Amino acid sequence: GSSRIEEACDTYARAANMFKMAKNWSAAGNAFCQAARLHLQLQSKHDAATNFVDAGNAFKKADPQEAINCLIRAIEIYTDMGRFTIAAKHHISIAEIYETELVDIEKLPPPPPPRPVAPSSANKCLLKVATYAAQLEQYQKAVEIYEQVGTSAMDSPLLKYSAKEYFFKAALCHFCIDMLNAKLAVQKYEEMFPAFTDSRECKLVK
């Protein structure tokens, strides 16, 4: 019955904390994951999400990819529960894992490895945060992220075409703050990225 599953949850959580004290991060992460899955069986979404975050934090020290997988599971649960702010916070954690992993990769001795695809994954997370920020009417924060991602996209031959979409979204957020600012922002984007001028997106915001 459910009481047996609850006991198992507690046992896994205790084991996970013991592994953490012993600095056995992978074992701690696995135990937290098991506890999270059992909480899902019990329909305890909040506890499951908390355990997936705990698992992610443990795996950060041993297996960054597994840490990301656990945080994604937590984000799915929080989003499902309508807890957008906390979901956004964990998206930032994922972006930070990608960034720090990237830094470590770049520290490798020559010959340099092929450039990993992590920045686009980090951008995906940042864009999610911007979407949540806009939903929560934190337009200034959303503008900063869209501008940051748009600016890095326009310097990349592969991502250049998507820059206009990010500047468009930044402009829309500006319109939610005030009209004059929005017009100045659109002019700035046109100067930075001339291709924006001829785009449908630019004509729409004008």
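## A pair within helix H8

Lys169 and Glu165 are 4 residues apart in helix H8 (residues 160-177), which separates them by about one helical turn. Helices here are DSSP runs of H or I with at least four residues, numbered from the N terminus. The two residues form a salt bridge, with the closest N and O atoms 3.0 Å apart; the term denotes a side-chain nitrogen of Lys or Arg within 4 Å of a carboxyl oxygen of Asp or Glu. Lys169 is partly exposed at 31% relative accessible area, and Glu165 is partly exposed at 32%. Buried means under 20% relative accessible area, exposed over 50%, and partly exposed in between (1.4 Å probe, protein chains only).

## Basis of the model

The model is predicted: local features need pLDDT of at least 70, side-chain atom pairs count only at pLDDT 80 or more, and totals for chains, interfaces and linings use all residues. Residues are numbered from 1 along each chain as its sequence is written, and side-chain values use heavy atoms, leaving out hydrogens and water.

## Pairs between separate segments

The count of salt bridges comes to 5. Among them is the pair of Lys45 and Asp80, whose closest N and O atoms are 2.7 Å apart. Lys45 lies in helix H3 (residues 45-59) and Asp80 in helix H4 (residues 64-80), so this pair ties together parts 35 residues apart in sequence. Lys45 is partly exposed at 33% relative accessibility, whereas Asp80 is exposed at 54%.

Glu190 forms a salt bridge with Lys206, the closest N and O atoms being 3.0 Å apart. Glu190 is buried at 15% relative accessibility, while Lys206 is exposed at 63%.

How values were computed:
Helix = DSSP H or I, 4+ residues; strand = E, 2+ residues; numbered from the N terminus.
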